[in-house]
Amino acid sequence: MASATTTKTGQPFDREVLDSLLKRTGFYMPSFEIYGGEKGLFDYGPPLTALQSNFVDLWRKHFVLREKMLEVDTTIITPEPVFITSGHVAKFADFMSKDPKTGEIFRTDHLIKQVLGARLKADQDARGQTIEVEKPDEAQKKKKIKDVKIEKLDDAVAQEYHETLAKLDNYDGDGFNELIKKFEIKGPTSGVDLDPPKPFNLMFQTYIGPSADKPNGYLRPETAQGQFLNFQKLLEFNKQKMPFASASIGKSFRNEISPRQGLLRVREFLMAEIEHYVDPESGKKHDKFDDVKDVELTLLNRHTQLAGSEKTEVMTIGDAVAKKVVDNETLGYFIVRIQDFLLKLGIDKTKLRFRQHMANEMAHYAADCWDAELYGSYGWIECVGCADRSAYDLTVHMRKTGAPLVVRENLSEPKKFQEYQIDLNKKKLGPKFRKDAKAVEAAVEGLSQDLREKLSLELKDSGKITIDTPGLGSGKTELDKDLVTIEQREVIQHVREYTPNVIEPSFGIGRILYHLLEHVFWTRQNTDPKDAEPSARNVLSLPPLIAPIKVLLVPLSSHPDFKPFLRSLTTMLDELDITNSIDDSSASIGKRYSRNDELGTPFGITVDFQTVKDKTITLRERDSTKQVRASQEDICQAIEALVKGRETWGKVQSRLPEFTSQEVD
Ligand SMILES: Nc1ncnc2c1ncn2[C@@H]1O[C@H](COP(=O)(O)OP(=O)(O)OP(=O)(O)O)[C@@H](O)[C@H]1O
């Protein structure tokens, strides 16, 4: 289990203090607040909006530009057939448990986690030990939980609770039901037995157009499908060259069963997703893997979790792929690039791990999947998913629509082989299936060689075959020998045709930003001898690269002689594209800096009477509060180098004269 959440100075992290800072400074607020608010919906105020747009900018540079990805912007409203084909209508669901007495609804896995966690905590309290459990948020705190009275657990039972929690993601509805019965988990406020868990589809349904008499569309729950459907055009745009990736940044929507934990589980959120298309016969090698093979990662593999443990191991990605802990080089390359990005953003490396999905947790088609999890006051939370989705999505959309979502590659040597070929009698197929004929044809086209062989025998024996046609009638379609013939023929192939596999890194931006704020938050003890009482000042140590505002300009007072300097400084910084703001309020310099330390502003410039005399200004760095003094030009150049990551504060300090002055509180 991870160590207690502490700030970078080793103080215990206090979520209430950070939450109140974020509220007070307008980082985010409940949407529709004056109408009473709506669960799981939040508006971002100016600091978080700026932070988010800096995140997006950095993400674009780190992934899209560096890896020459093709960025697309596809629609949110999606017609129903797309999500029937992709499997979302049938399977994009979480399990919920209803309390028959109070009508309350809980996400089943979260309820089990909360109850077992609370029992383990009670047990440890009784033993006088400390244990970390997910801390309840405000809404949860208000509910009084009725549970069996636990003072001390039997050692074996406590061990079983730990093991169950480690592999909770591996259970399905029946499995959850057994756990609920076995551990006697009841309605948290009523204490009565819960209804058996039921799947709840997380997609928002909608009506497209005025003539729809029933919902015929959905708001997308991820950006991925829009990218897959454009595969053919993207491949053309990429001049048929493989491998390549598409990328998209946009809003997604999930009707979460119980939104909670602020920005961590919401119903509308911004995602940034990459779909990297790779030839499955290449062994999913990556040509830049050698550059990253020595990078170390903290990994929690699926076998460890299944054994009921959360013990991580530090391994280079080279070793992890060689030992098949991580399935292939391309997946490994992206895991490293995700880590690089998160660290650049300011995420604390000791609070980052990559957790592998267990077999039941992965979609049935996925080959391997690793989540980047960040540690914070809510425990370990998935913030980036990185999945090998195999050829699933392109295959099902091709089968359904007949669109050639494939790569065609000219072969240098023609290949000869035997193949089962299917001929359809189109003159009869059209009149028989009418508008569904194209879908039936696409389903036939998509049949594998193994299946074709089996069906050829079936056709010979019974004079008919039955094929899967998802989304059409009963989902099965019968074709008799008048309509279809299947024969094995020799084929000479000049062109190889294949469906690429997809590696998908998927980022939830709000979750990452919230963890970033927890990781960079700390409290400075102000020990100014002039203060009667030492006071605590909050700081957000956001890296200059992504801080919402980079520079605060503070005149010593409202003296009119300072105004022209402020004007020229702000122009100079604007021209360098460095965001800045002026605080010419009457508060003391110390207070003004302190207000901006809370917003994460990394640098401050003071204009004082010395400036009027010799045109020099001071530059203050947020984390150390150290200052240097130099000409306006030198300071602006230093800020540009600091913000663009070309120079460190240590370097600036060593080349510009130090300035010592107490910040007056
Ligand atoms: N309800 C949500 N609110 C905020 N971010 C979310 C939400 N659901 C998913 N995300 C983000 O989108 C990313 C990719 O989505 P993915 O489908 O892999 O999540 P998930 O496995 O469904 O998440 P969870 O198991 O926590 O519900 C996640 O890593 C997370 O950062």
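Predicted model: local features only at pLDDT ≥ 70, side-chain atom pairs only at ≥ 80, totals over all residues.
Q: Which residues come nearest to the ligand?
A: A residue is near a molecule or strand if its C-beta atom, placed from the backbone, lies within 6 Å of it. Here 14 residues are around the ligand, and Phe269, Gly385, Ser506, Gly508 and Arg511 come nearest. Two or more residues are given to this shell by each of strand 11 (268-278), strand 16 (379-390), strand 21 (501-508) and helix 19 (509-520). Strand 16 gives the largest share, 4 residues. The helices (H or I, at least four residues) and strands (E, at least two) are DSSP runs, numbered from the N terminus.

Q: Which domains does the assignment give?
A: Domain bounds come from an automatic or database domain assignment. For this protein it gives domain 1 (15-76 + 220-392 + 503-511), domain 2 (93-201), domain 3 (407-498) and domain 4 (530-659).

Q: How many residues does the contact take from domain 1 and from domain 4?
A: Two residues are in contact if their C-beta atoms, placed from the backbone, lie within 7 Å. The C-alpha centres of domain 1 and domain 4 lie 35 Å apart. Their contact takes 11 residues from domain 1 and 8 residues from domain 4. On the side of domain 1 that touches domain 4, helix 1 (15-24) and helix 2 each supply at least two residues. The largest share of that side, 6 residues, comes from helix 2. By class, the side of domain 1 that touches domain 4 divides into 8 nonpolar, 3 polar and no charged residues.

Q: Where is Ser53 placed?
A: Ser53 is in helix 2 (residues 46-65). For exposure, a residue is buried if 20 or more other C-beta atoms lie within 10 Å of its own, exposed if 12 or fewer, and partly exposed in between, with C-beta atoms placed from the backbone. Ser53 counts as partly exposed because it has 13 C-beta neighbours inside 10 Å.

Q: What should helix 14 span at 1.5 Å a residue?
A: The expected span of a helix is 1.5 Å times one less than its number of residues. Helix 14 (residues 329-345) has 17 residues, so it should span 24 Å; its end C-alpha atoms are 24 Å apart, which agrees. Of its 17 residues, 14 are buried, and helix 14 is thus mostly covered. Gly346, whose phi is positive, near 115 degrees, follows helix 14.

Q: Which values of phi do Arg434 and Thr625 have?
A: Phi of Arg434 is near 45 degrees, a positive value in a residue other than glycine. Arg434 lies in the loop between helix 16 (426-433) and helix 17 (437-445). Arg434 is exposed because 9 other C-beta atoms lie within 10 Å. Thr625 also has a positive phi, near 60 degrees, and is a residue other than glycine. The loop between strand 27 (616-621) and strand 28 (627-631) holds Thr625. With 17 other C-beta atoms within 10 Å, Thr625 is partly exposed.

Technical notes: Residues numbered from 1 in each chain as written. Nonpolar A, V, L, I, M, F, W, Y, C, P; charged D, E, K, R; others polar.
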